[in-house]
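Subject: Structure handover

Hello,

Here is the structure I promised to pass on. Please open it alongside this email.

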Amino acid sequence: MKTSRLNISTARLLNLCLALLLSACAGSRHYHAIPAEGPPSTPRLLEVRSEVSVATMHFPAGTYLLTAEDDVGYYYRAPRKIAEHTAGAPIYHDGGIYVNKRDSRRLRGYVYWAGKLTHLGNLSRVKHQFAD
(Lines give C-alpha, C1' and ligand atoms only; values in the text may rest on other atoms or scores of the structure.)
Protein backbone atom coordinates (compact mmCIF):
# COMPACT_ATOMS: atom_id res chain seq x y z
CA MET A 1 0.00 0.00 0.00
CA LYS A 2 2.79 2.46 0.83
CA THR A 3 4.53 1.73 -2.47
CA SER A 4 1.45 2.67 -4.53
CA ARG A 5 1.04 5.94 -2.59
CA LEU A 6 4.68 6.76 -3.20
CA ASN A 7 4.31 5.99 -6.92
CA ILE A 8 1.22 8.21 -7.19
CA SER A 9 2.99 11.05 -5.36
CA THR A 10 6.06 10.65 -7.53
CA ALA A 11 3.94 10.65 -10.68
CA ARG A 12 2.15 13.83 -9.58
CA LEU A 13 5.45 15.53 -8.80
CA LEU A 14 6.84 14.53 -12.21
CA ASN A 15 3.69 15.81 -13.94
CA LEU A 16 3.98 19.13 -12.12
CA CYS A 17 7.66 19.45 -13.02
CA LEU A 18 6.87 18.70 -16.67
CA ALA A 19 4.04 21.27 -16.69
CA LEU A 20 6.33 23.88 -15.20
CA LEU A 21 9.11 23.14 -17.68
CA LEU A 22 6.75 23.41 -20.64
CA SER A 23 5.00 26.54 -19.42
CA ALA A 24 6.03 30.01 -20.47
CA CYS A 25 7.70 32.53 -18.19
CA ALA A 26 6.60 36.15 -18.28
CA GLY A 27 10.09 37.64 -18.29
CA SER A 28 10.17 38.38 -22.02
CA ARG A 29 6.73 40.01 -22.19
CA HIS A 30 7.51 43.34 -20.46
CA TYR A 31 6.08 42.40 -17.07
CA HIS A 32 5.49 45.39 -14.78
CA ALA A 33 3.47 46.30 -11.72
CA ILE A 34 0.54 48.63 -12.19
CA PRO A 35 -0.68 51.36 -9.82
CA ALA A 36 -3.43 50.60 -7.30
CA GLU A 37 -6.06 52.33 -9.45
CA GLY A 38 -5.17 50.04 -12.38
CA PRO A 39 -5.68 50.69 -16.08
CA PRO A 40 -8.97 52.56 -16.65
CA SER A 41 -10.65 49.81 -18.69
CA THR A 42 -9.62 46.81 -16.56
CA PRO A 43 -11.54 45.49 -13.54
CA ARG A 44 -9.43 45.64 -10.36
CA LEU A 45 -10.91 42.48 -8.82
CA LEU A 46 -11.45 38.90 -9.97
CA GLU A 47 -13.80 36.86 -7.80
CA VAL A 48 -13.24 33.10 -7.99
CA ARG A 49 -16.12 31.10 -6.55
CA SER A 50 -14.46 27.74 -5.93
CA GLU A 51 -10.99 26.31 -5.39
CA VAL A 52 -9.34 25.11 -8.57
CA SER A 53 -6.21 23.02 -9.02
CA VAL A 54 -3.57 22.35 -11.64
CA ALA A 55 -1.65 19.14 -10.95
CA THR A 56 -0.59 19.55 -7.30
CA MET A 57 -1.11 23.35 -7.16
CA HIS A 58 -4.33 24.48 -5.47
CA PHE A 59 -5.65 28.01 -6.12
CA PRO A 60 -8.04 29.24 -3.40
CA ALA A 61 -11.52 30.63 -3.87
CA GLY A 62 -11.87 34.32 -3.07
CA THR A 63 -11.12 37.78 -4.41
CA TYR A 64 -7.98 38.20 -6.50
CA LEU A 65 -6.49 41.71 -6.79
CA LEU A 66 -5.06 43.19 -10.02
CA THR A 67 -1.33 43.80 -9.41
CA ALA A 68 0.60 43.65 -12.70
CA GLU A 69 0.42 43.32 -16.46
CA ASP A 70 2.53 42.37 -19.45
CA ASP A 71 2.02 42.75 -23.20
CA VAL A 72 -0.44 39.84 -23.32
CA GLY A 73 -2.40 39.91 -20.07
CA TYR A 74 -3.10 40.90 -16.47
CA TYR A 75 -1.94 39.34 -13.19
CA TYR A 76 -4.42 39.01 -10.31
CA ARG A 77 -2.80 38.11 -6.97
CA ALA A 78 -4.46 35.36 -4.92
CA PRO A 79 -6.07 36.18 -1.56
CA ARG A 80 -3.83 33.54 0.04
CA LYS A 81 -0.73 31.64 -1.01
CA ILE A 82 -1.07 28.88 -3.59
CA ALA A 83 -0.74 25.47 -1.90
CA GLU A 84 1.40 22.82 -3.56
CA HIS A 85 0.43 19.45 -2.13
CA THR A 86 3.39 17.08 -1.87
CA ALA A 87 4.01 13.72 -0.23
CA GLY A 88 5.02 15.62 2.91
CA ALA A 89 3.73 18.93 4.19
CA PRO A 90 2.26 21.40 1.67
CA ILE A 91 4.56 24.04 0.18
CA TYR A 92 3.10 27.54 -0.23
CA HIS A 93 3.87 29.88 -3.15
CA ASP A 94 2.97 33.43 -4.04
CA GLY A 95 0.86 33.54 -7.18
CA GLY A 96 -2.56 34.03 -8.63
CA ILE A 97 -4.49 34.05 -11.91
CA TYR A 98 -3.36 35.43 -15.25
CA VAL A 99 -6.05 36.84 -17.59
CA ASN A 100 -5.50 37.26 -21.34
CA LYS A 101 -6.06 40.84 -22.58
CA ARG A 102 -7.73 39.81 -25.85
CA ASP A 103 -10.00 37.18 -24.31
CA SER A 104 -10.82 37.69 -20.63
CA ARG A 105 -12.36 34.20 -20.52
CA ARG A 106 -8.86 32.68 -20.89
CA LEU A 107 -7.45 32.21 -17.38
CA ARG A 108 -4.20 30.54 -16.33
CA GLY A 109 -2.55 30.07 -12.99
CA TYR A 110 0.83 31.54 -12.13
CA VAL A 111 3.22 31.02 -9.24
CA TYR A 112 6.64 32.22 -8.24
CA TRP A 113 8.71 29.05 -8.48
CA ALA A 114 12.37 29.28 -7.40
CA GLY A 115 12.16 33.07 -7.69
CA LYS A 116 10.76 33.06 -11.24
CA LEU A 117 7.26 33.82 -12.44
CA THR A 118 5.84 30.67 -14.04
CA HIS A 119 2.50 30.22 -15.82
CA LEU A 120 0.73 26.89 -15.54
CA GLY A 121 -2.50 25.20 -16.43
CA ASN A 122 -5.80 26.30 -17.86
CA LEU A 123 -8.23 27.72 -15.30
CA SER A 124 -10.82 28.96 -17.82
CA ARG A 125 -13.55 26.65 -16.53
CA VAL A 126 -13.53 27.96 -12.97
CA LYS A 127 -16.62 30.04 -12.10
CA HIS A 128 -15.49 33.64 -11.80
CA GLN A 129 -16.63 37.23 -12.10
CA PHE A 130 -14.82 40.55 -12.55
CA ALA A 131 -15.61 43.46 -10.24
CA ASP A 132 -14.40 46.99 -9.39
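Below is what I found, from the overall layout down to single residues.

Please keep in mind that this is a predicted model.

**Overall layout**

The protein chain holds one helix and twelve strands. Reading from the N terminus, the order is α-β-β-β-β-β-β-β-β-β-β-β-β. The chain has 132 residues, and 38% of them are buried. Its accessible surface is about 8,000 Å². Carbon and sulfur atoms account for 55% of that surface. Take the contacts between residues at least 6 apart in sequence: 53% of them join residues at least 24 apart.

**The open sheet**

Four strands make up an open sheet, ordered E3-E4-E7-E8, with antiparallel pairing. At the edges are strand E3 (52–54) and strand E8 (91–93), each of which pairs on one side only. From one strand to the next, the twist averages 25°.

Strand E7 covers residues 82–84 and pairs with E8 through three bridges, in the antiparallel sense. Within E8, Tyr92 is the residue opposite Ala83.

His93 also belongs to strand E8. Is His93 buried or exposed? Its relative accessible area is 11%, below the 20% limit, so His93 counts as buried. Its side chain makes a polar contact of 2.7 Å with the side chain of Glu84. Setting aside residues up to four places away in sequence, His93 touches Met57, Lys81, Ile82, Glu84, Val111, Tyr112 and Trp113.

Ala55 sits in the loop between E3 and strand E4 (57–59). Ala55 is not a glycine, yet its phi is positive, at about 55°. With a relative accessible area of 48%, Ala55 is partly exposed.

Strand E10 (residues 107–113) pairs with E11 in the antiparallel sense, over five bridges. Val111 has Thr118 in E11 as its bridge partner. Strand E11 spans residues 116–120. Four of its five residues are buried, so E11 is largely enclosed by the rest of the structure.

Two residues lie between the strands of this hairpin. Which residue there takes a positive phi? Ala114 does, with a value near 55°. Ala114 lies in the loop between E10 and E11. Its relative accessible area is 73%, over the 50% limit, so Ala114 is exposed.

**Nonpolar cores**

The largest nonpolar core has 20 residues. Which of them have the most contacts inside it? They are Leu46, Phe59, Tyr64, Tyr76, Ile97 and Leu123. At least two residues of this core come from each of E2, E3, E4, strand E5 (62–69), strand E6 (73–77), strand E9 (95–100) and E10.

Leu46 is worth a look on screen. Not counting residues up to four places away in sequence, Leu46 touches Gly62, Thr63, Tyr64, Tyr76, Ile97, Val99, His128, Gln129 and Phe130.

**A buried threonine in a loop**

Thr42 is in the loop between strand E1 (32–33) and strand E2 (45–48). Why does Thr42 count as buried? Its relative accessibility is 7%, and the limit for buried is under 20%. The Thr42 side chain makes a polar contact of 3.0 Å with the side chain of Tyr74. Leaving aside neighbours within four places in sequence, Thr42 is in contact with Leu66, Tyr74, Tyr76 and Asp132.

**Where to start**

For a first pass on screen, begin with the polar contact between the side chains of His93 and Glu84. Then go to the polar contact between the side chains of Thr42 and Tyr74. Finish with the positive phi values at Ala55 and Ala114.

Best wishes

Definitions and conventions: Residues numbered from 1 in each chain as written. Predicted model: local features only at pLDDT ≥ 70, side-chain atom pairs only at ≥ 80, totals over all residues. Heavy atoms only, no water. Pairing = 2+ DSSP bridges. Axes fitted to C-alpha atoms, helices over the stretch in contact; angles between N-to-C directions. Buried < 20%, exposed > 50% of the residue type's maximum accessible area, 1.4 Å probe, protein only. Contact = heavy atoms within 4.5 Å. Areas by Shrake-Rupley, 256 points an atom, 1.4 Å probe, with all protein chains shown as cover. Polar contact = N/O pair within 3.5 Å; in protein donor to acceptor, adjacent residues only side chain to side chain. Core = buried A, V, L, I, M, F, W, Y, C linked by side-chain atoms within 4.5 Å.
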